[in-house]
Amino acid sequence: MAADDRAPQPVHGLAPRGRQQRGPGAGGDNPFAAMFGSMNPNDLGAAFQQLGQMLSYEGGPVNWDMAKQIARQTVSQGTPDGTKDASVGPSERTAVDEALRLADLWLDGVTSMPSGSVSTVAWSRAEWVEATLPAWQQLVDPVAERVGLAMGDVLPEEMQAMAGPLIGMMRSMGGAMFGQQIGQAVGTLAGEVVGSTDIGLPLGPAGKAALLPLNVERFGKDLSVPQDEVRLYLALREAAHQRLFAHVPWLRSHLFGAVEAYARGIKVDTSKLEDVVGQFDPSQPEQLQDALQQGMFQPEDTPEQKASLARLETALALVEGWVDAVVHEAAKSRLTSSDALRETMRRRRASGGPAEQTFATLIGLQLRPRRLRDASRLWASLTDARGLEGRDALWAHPDMLPTAHDLDDPDGFVHHEQADFSELDKMLGEAAKGPQKPSKGDEDTEDGKEDGKGGPEQ
C-alpha cells in the first residue's frame, strides 16, 4: 500500500469518493469500505461518532454542545499565521487590569456615564469562546429555527406524514451541521477579537470588561505603535462599551431584538433546500453542510424588512459611533498614536474579518456599523452643542436616538432637538416638584388674577 493511502483522511462525515481501500474485503463486497474509503480505524470511529451525534440530537435548532466542541477544536489549531492559544499569565493579567482601570479614569472626563465595569479579566481565546456562546445562541437560534421548519415545509403535505422519521433525522442533522458551522466561525473569530464587545454587541457577561492579550499583541504587531498604547486604546473601547451597556438598560434587548426582527423576515431559499431534501442520503451528511456553507437565506424585499434592517444598522452605528467619539476625546491628548489606532479600528469594523463573513453566510446578516463615521460626527456635534450630559441623555429612551435620516443631516438634528429638550427638562422638573400650594405673598402679588388662590392648572 502506498504511503499516501496510509495517511489519515479528513473527517467530515465521509471520506472523498474515489479514494477507497485496497486489498481483501474492499470494493463492492464491503459497503463500509465504499462508504468510508481508506480511513484508518481511528478515523472510522470518529466518523461513526460524529454521525451518531448528528442523528441522536434532539435539542433546539442548533446543537450547541457540538458548536462548543468545534469552536474549541478550531481554537486549538491556532490562527493562519501560526499563533497558538495559550493560558494568560500573571503579568498579562496585571497589564490588562491596569489598562482597563486607567481607561475608566480617562473616560470619566468625556462622558457623564459612570464606569460600567464590575470586574476586569484577561481571557485566552478558549475562555472567550466559553464566555460568549450564550450570546451567540441568542443571535443564531431565530434563523436556525426557520431552517428547521423549512425542512418539513419543502415536502408535499401528503408526504410529510410518511416522511416523519426522515424529517426528524434531517432536523437533527441540520442542528448538528449548524452547530459545526457556528462552532467553526466562533472558533475563528476567537482568533481575531480583542475584547468582549468587538462586534458592537455585549457578548460577554454583564459588567465584565475583558481583553485578550494574545490578540491585542497581534492587533498591534504591524502598526509600529508601542504595545502599551495599543493595549490602552483597546481598553478604552472596551470600557466605553461597558459603560454604555451598563447604564442604558434597554440597549441590549433593543439590539438583540433588532437582530431577531430582521431574522423573522429572512426567507429560506426553498429551491436550494428542495434539492438537498430530494437527494438526501443519510450516509452523506455533508450535503447539508455544503448547503449551509453556500448560504440558503434571502432577505425578503418588503418595506417591513427594509425598515428592520435600517433600524439594526442605525443602532449598531450609533453604538459604535458613540464609542468612537468618546474614546477619541479621551485618547487624543494622551496617546500619540490615537489617530492611527482610530483609523485602523474604523477600517477593521468596516471590512470585517473571515469569521464575520461566515456568520453573514450562515444567518444572512452582517453585523457591521455601515455608518460609523456619520454617527461619530453626529455624537461629536452633539457634544459641542449640548455638552456631555445633553449628549448622553439621548440614551434615556430608544425613541430619543437619532434615526438614519438624522445621520444624513446631523446639524438639523442637533439644533432642532435642542429646543425640545429644554422644554422637556422644564416639564420633568415641574412634575418632580409636584403641585405647589401658593404662599400668602404669592396670592397678594397675583396682579389682577381673580382666582389666584387656586392651584396650578393640571
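The model is predicted, so local features need pLDDT of at least 70 and side-chain atom pairs count only at pLDDT 80 or more, while totals for chains, interfaces and linings use all residues. Residues are numbered from 1 along each chain as its sequence is written, and side-chain values use heavy atoms, with hydrogens and water left out.

I start with the salt bridges. Side chains of opposite charge can pair when their charged atoms come close. Here a salt bridge is a side-chain nitrogen of Lys or Arg within 4 Å of a carboxyl oxygen of Asp or Glu. How many salt bridges does this rule give? The count is 19.

Take Arg 72 and Glu 130, which form a salt bridge with their closest N and O atoms 2.6 Å apart. This pair joins distant parts of the chain, 58 residues apart: Arg 72 is in helix α4 (residues 64-77) and Glu 130 is in helix α6 (residues 125-153). For the names, helices (H or I, at least four residues) and strands (E, at least two) are DSSP runs, numbered from the N terminus. On exposure, buried means under 20% relative accessible area, exposed means over 50%, and partly exposed is in between, using a 1.4 Å probe and protein chains only. Arg 72 is partly exposed at 38%, and Glu 130 is partly exposed at 33%.

Next, Arg 243 forms a salt bridge with Asp 108, and the closest N and O atoms are 2.8 Å apart. Is Arg 243 buried or exposed? Arg 243 is buried, with a relative accessible area of 0%, whereas Asp 108 is partly exposed at 44%.

Asp 374 is partly exposed, with a relative accessible area of 22%. A network of salt bridges links Arg 371, Asp 374, Arg 377 and Asp 408.

Now to the packing of α17. Two packed helices are described by the angle between their axes and the distance between the axes. Axes are lines fitted to C-alpha atoms, for helices over the stretch in contact, and angles run from 0 to 180 degrees between N-to-C directions. The axes of helix α15 (residues 338-351) and α17 come within 11 Å and cross at roughly 135°. Contact means heavy atoms within 4.5 Å. On the α15 side the contact is made by Arg 342, Glu 343, Arg 346, Arg 347 and Arg 349, and on the α17 side by Leu 372, Arg 373 and Ser 376. These residues divide into one nonpolar, one polar and six charged.

Helix α17 also holds Arg 386, which is buried at 13% relative accessible area. A polar atom of the Arg 386 side chain lies 3.1 Å from the backbone oxygen of Val 414.

Last, Val 225, in the loop between α9 (213-219) and α10. Val 225 is buried at 11%. Leaving aside residues up to four places away in sequence, Val 225 touches Val 230, Ser 337 and Leu 341. The C-alpha atoms of Val 225 and Leu 341 are separated by 8.5 Å, with the two residues 116 apart along the chain.

Technical notes
Ala, Val, Leu, Ile, Met, Phe, Trp, Tyr, Cys and Pro count as nonpolar, Asp, Glu, Lys and Arg as charged, and the others, Gly among them, as polar. A polar contact is a pair of N or O atoms within 3.5 Å; within protein, one must be able to donate a hydrogen and the other to accept it, and residues adjacent in sequence count only if both atoms are side-chain atoms.
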